[in-house]
Amino acid sequence: MNSIAGHKSGLTWALHISVVLLVGLWIFPTLGLLVSSFRTADQISSSGWWRALFPTEQNLTLRTAPPGTQTQIGDLYVIEGSLFDANSGQSAVISAWGTSARDISAYQPGEQGELRKGGLLTVQADGNYRLESNTEISGKRGPRVFVTAVVPPEFTLKNYETILISGGATDNMAKAFFNTLTVTIPATIIPILIAAFAAYALAWMEFPGRALLIAAIVGLLVVPLQLALIPLLKVHNEIGIGKGYLGAWMAHTGFGLPLAIYLLRNYMIGIPRDIIENARVDGATDFQIFTRIVLPLSFPALASFAIFQFLWTWNDLLVALVFLIDSTGETTVMTKQIVEMLGTRGGNWEILATSAFVSISVPLMVFFAMQKYLVRGLLAGSVK
Amino acid sequence: MHPALQGLLTIAFGVGGCVGYFYLSNIILDQVIFPARGKHIARNIRRANIIRPWLFLLPALLALGLYLAYPVFETLRLSLTERLPGGGSTFVGLDNYRQMLGEDKFWEALQNNFLWLLVVPAGATAFGLLAAQLTDRIAWGNFAKSLIFMPMAISFVGAAVIWKLVYDARPPGTEQIGVLNAIYIYFGGDAAQQWLTIPFWNSFFLMAVLIWIQTGFAMVILSAALRGVPEDTIEAAIVDGANPFQVFFRIKLPQITGTIVVVWTTITIVVLKVFDIVFAMTNGQWQTQVLANYMFDKLFRANDWGVGSASAMVIMLLVSPILIWNVYNARREMR
C-alpha cells in the first residue's frame with residue numbers, strides 16, 4: 001500500500017511482524033521433526049528440539065574405562081583417561097558430577113569423590129578423570145559417573161542410516177519407499193491418459209447427453225471413497241486381483257478420474273475455437289487434433305493434475321490399507337509403516353521423526369519444484 | 001517378479017494399452033465400419049462422428065462407473081443386508097441402521113464429526129483469509145505464502161507424527177520435549193498434560209492438525225480472490241477515509257463471499273472424509289471417534305459389513321447436499 005494515502009509506517013511494521021509470527025507458527029512443527037531427525041535418542045529425550053541449536057546443559061551417565069585397563073603405580077591401582085573419549089567422543093564442559101544416581105551433582109570439577117565400591121575418583125571440567133584404589137578394581141565395566149555438562153549442539157546422520165540402510169525389519173523403510181513409488185507412478189500416469197481423452201470428448205465433441213455427463217462428473221467429485229471400499233474389495237476378489245498393486249493402481253485411477261476430467265475439460269474448453277476449427281477444415285481427424293494440438297496445449301493442466309494425483313497417491317493410507325497390503329506385509333507402504341511405528345515405537349522419536357521425514361521429503365520436493373502448477377490447478381479445480 | 005519391474009511393465013502396458021486402444025479403435029471406426037469412401041461417404045462420416053465421442057469416453061466411463069457409481073448402490077444394498085456365515089446374505093431391512101443408532105460410539109462419532117464440521121472449515125478459512133490479506137502486499141509475500149502452503153504436501157500420517165511430537169508429554173521432573181507442554185510448564189502449569197487423552201478437548205487438538213494442513217489451500221484460493229477485487233472500489237473507500245480494517249471488512253470481504261463459500265464447502269468435504277489423522281493419532285480412543293474411522297473399525301476390525309456400510313451411507317448422506325449444490329451450479333454455468 002506504499003503509494004496509497006493514509007499509509008502508516010507503524011502499521012507496516014505490525015504487518016511484517018504478524019506475517020513473521022504466522023509463518024513461524026506454521027513451519028515450527030515441521031521444523032521440529034526435521035531437527036529431531038538429526039539428533040540421537042539421548043539428545044531428543046533430554047531436551048526440547050528447539051534447544052538443539054544451542055549448547056545445552058544435560059545430565060549424562062558415562063562410564064570410566066573398564067578395569068581391564070588399570071595400571072598399578074606403587075600401591076595404587078589407577079585408571080586414567082577422558083570420560084568423553086570412551087563415550088562417543090563428544091566434547092563438553094562439566095559443571096558438576098557425582099558417583100551415585102541419587103546425588104548426581106555431589107562434587108564440583110576438580111574435587112575428589114568416593115566410589116561406593118571403594119576407590120577415589122577425580123573428574124576435571126574437561127572430562128579427564130583419575131580413579132585410584134588401594135585394592136584391585138574388579139568388574140567387567142568401569143564404574144558409572146553421573147555428570148552435568150554443557151554439551152555443544154551436535155547432529156548426526158545415524159538415524160537416516162538406520163532407516164534407509166541398516167535398520168531391522170520394522171525400522172527399515174527402504175522397501176516401503178520403493179513400494180510407495182511402485183504404487184504412485186502408474187497410479188499417476190494412467191488416469192491422466194484416460195481422463196485426457198474423456199475431457200477432450202466432453203469439451204470439443206458434440207453428442208447427446210454431454211451436459212448430463214459433465215454434471216455427473218461434478219457430482220462424482222465429492223463422492224466419499226469410503227463407500228467404495230467393500231464393494232470394490234468384493235469385485236477385486238471375484239475377478240481374481242485380490243489385494244495387490246494392480247488393485248491399488250485401478251482404485252487410484254478410478255478415484256482420481258473425476259478431478260482429472262473436470263480439471264482437464266475446464267482447461268481444454270479455453271483453447272481458442274479457431275485453432276480446432278481450422279484443423280478440422282484442413283482435414284485433421286479428432287484423434288489427430290487431440291494428439292497434435294490439444295494435448296500439447298494442455299500441458300499446464302496435465303502438470304497440475306499430475307501433481308495432485310502424485311501427492312494424493314504418495315500420501316494415501318486408506319486405499320493402501322484396503323486394496324494393497326495383504327497379510328504378508330510384503331507390499332507395505334511408508335504411511336502404513338509409520339502408523340505401525342507410532343503404535344510400537346511411540347517413544348522412539350529418533351526413529352519416528354526420521355521415517356516421517358523420509359516419507360514427506362519427496363512430496364515436499366515436488367511441492368517446491370512445481371508449486372506454480374499446483375496453485376494453478378487448485379484455482380481451476382475448486383468447484384465454483 | 002520385482003515390484004519395481006512390475007510397475008514399469010504396468011506403466012508400459014497401461015500407457016501402451018490406452019494409446020493403442022484409442023488409436024486402433026479410431027482407425028477401425030474410420031476404415032472398416034464406416035469407411036469415408038464409396039457411395040455412402042457422407043452418411044458414413046456422419047455416423048462415425050456420432051460414435052467417436054463414446055470411443056474417447058469409454059475407458060473413463062467404465063472406470064467411473066465401476067469405482068464410484070456402482071459402489072454407491074452396492075453400499076446401499078449391503079447396508080440393508082446381513083452376511084450369513086458360510087457366504088450369501090439376507091435382506092434385513094433397516095436392522096443395521098437400528099443397531100448402529102443404538103451404539104454409543106456411533107453417536108460419539110457423529111457428535112465429533114459435527115464439531116469438526118463447525119471448527120475446521122471455520123478455522124482454516126479464517127487463518128487462510130488472514131494469511132492471504134497479510135501477505136498480499138509485502139515484498140516477501142510469495143515466500144511467506146509458500147511456507148504456509150507447504151503442509152498441503154505433507155501426508156496426514158506425516159502430519160500426525162509431527163503433531164504428536166508437539167503434544168508429547170514427559171513424566172514430571174524431566175525436561176518436556178513437546179512444545180505445547182514446554183509452554184504449559186513455562187507459564188506455570190504443574191505437570192505435563194497428555195493432551196490427546198483429555199476427552200472433548202482432545203478432538204480440538206486433532207482438528208488443529210487439519211486446520212494446519214488446510215489453511216494453505218484456503219489462503220491460495222482466497223488470495224487470488226482478493227487480488228481480483230476491483231482496485232477502484234478500494235481506492236474510493238480510502239479516499240473516503242476508511243481505515244485498513246474498514247477496507248477489509250466492508251469493501252473486500254463482501255466482494256469475495258462467493259469464493260469463501262467455495263473454500264468452506266471444499267474443506268467441509270475433506271472433513272467429512274477425515275480418517276488418517278484420527279486413525280494414526282488416537283484411533284478413536286478417548287472419545288475422539290469420527291465417522292470415517294468408525295466405519296473402518298466396523299468394516300475391517302469387527303468385520304461387520306452391514307453396519308459399516310450403513311455408516312458409509314451416513315457419510316454419503318452428509319455429503320449429498322454439497323453434491324447437489326455443486327451439480328446445480330455446474331449446470332447453471334453451462335447454460
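Figure 1. Chain A is divided into domain 1 (9–51), domain 2 (56–152) and domain 3 (162–381), with bounds that come from an automatic or database domain assignment. The model is predicted: local features need pLDDT of at least 70 and side-chain atom pairs count only at pLDDT 80 or more, while totals for chains, interfaces and linings use all residues. Residues are numbered from 1 along each chain as its sequence is written, and chains are lettered from A and ligands numbered from 1 in the order in which they are written. Over C-alpha atoms, the centres of domain 1 and domain 2 of chain A are separated by 37 Å. For chain B, the assignment gives domain 1 (3–65) and domain 2 (98–334), whose centres, taken over C-alpha atoms, are 43 Å apart.

**Figure 2. The contact between chain A and chain B.** Chain B contributes 92 residues and chain A 94 residues, where two residues are in contact if their C-beta atoms, placed from the backbone, lie within 7 Å. On the side of chain B that touches chain A, helix α2 (residues 41–79) of chain B gives the most, with 18 residues; helices are DSSP runs (H or I, at least four residues), numbered from the N terminus. This side of chain B comprises 67 nonpolar, 16 polar and 9 charged residues. Here Ala, Val, Leu, Ile, Met, Phe, Trp, Tyr, Cys and Pro count as nonpolar, Asp, Glu, Lys and Arg as charged, and the others, Gly among them, as polar.

**Figure 3. The largest nonpolar core.** This core has 178 residues, and those with the most contacts inside it include A195(A), Y200(A), V161(B) and I277(B). A nonpolar core is a set of buried Ala, Val, Leu, Ile, Met, Phe, Trp, Tyr and Cys residues joined through C-beta atoms within 7 Å. A residue is buried if 20 or more other C-beta atoms, placed from the backbone, lie within 10 Å of its own, exposed if 12 or fewer, and partly exposed in between. Helix α5 (residues 174–204) of chain A gives the most to the core, with 17 residues. Leaving aside residues up to four places away in sequence, A195(A) touches L257(A), A260(A), I261(A), L264(A) and A60(B).

**Figure 4. L62(B) in helix α2 of chain B****.** L62(B) is exposed because 12 other C-beta atoms lie within 10 Å. The C-alpha atoms of L62(B) and A310(B) are separated by 26 Å, and the two residues are 248 residues apart along the chain.

Key: Helices (H or I, at least four residues) and strands (E, at least two) are DSSP runs, numbered from the N terminus.
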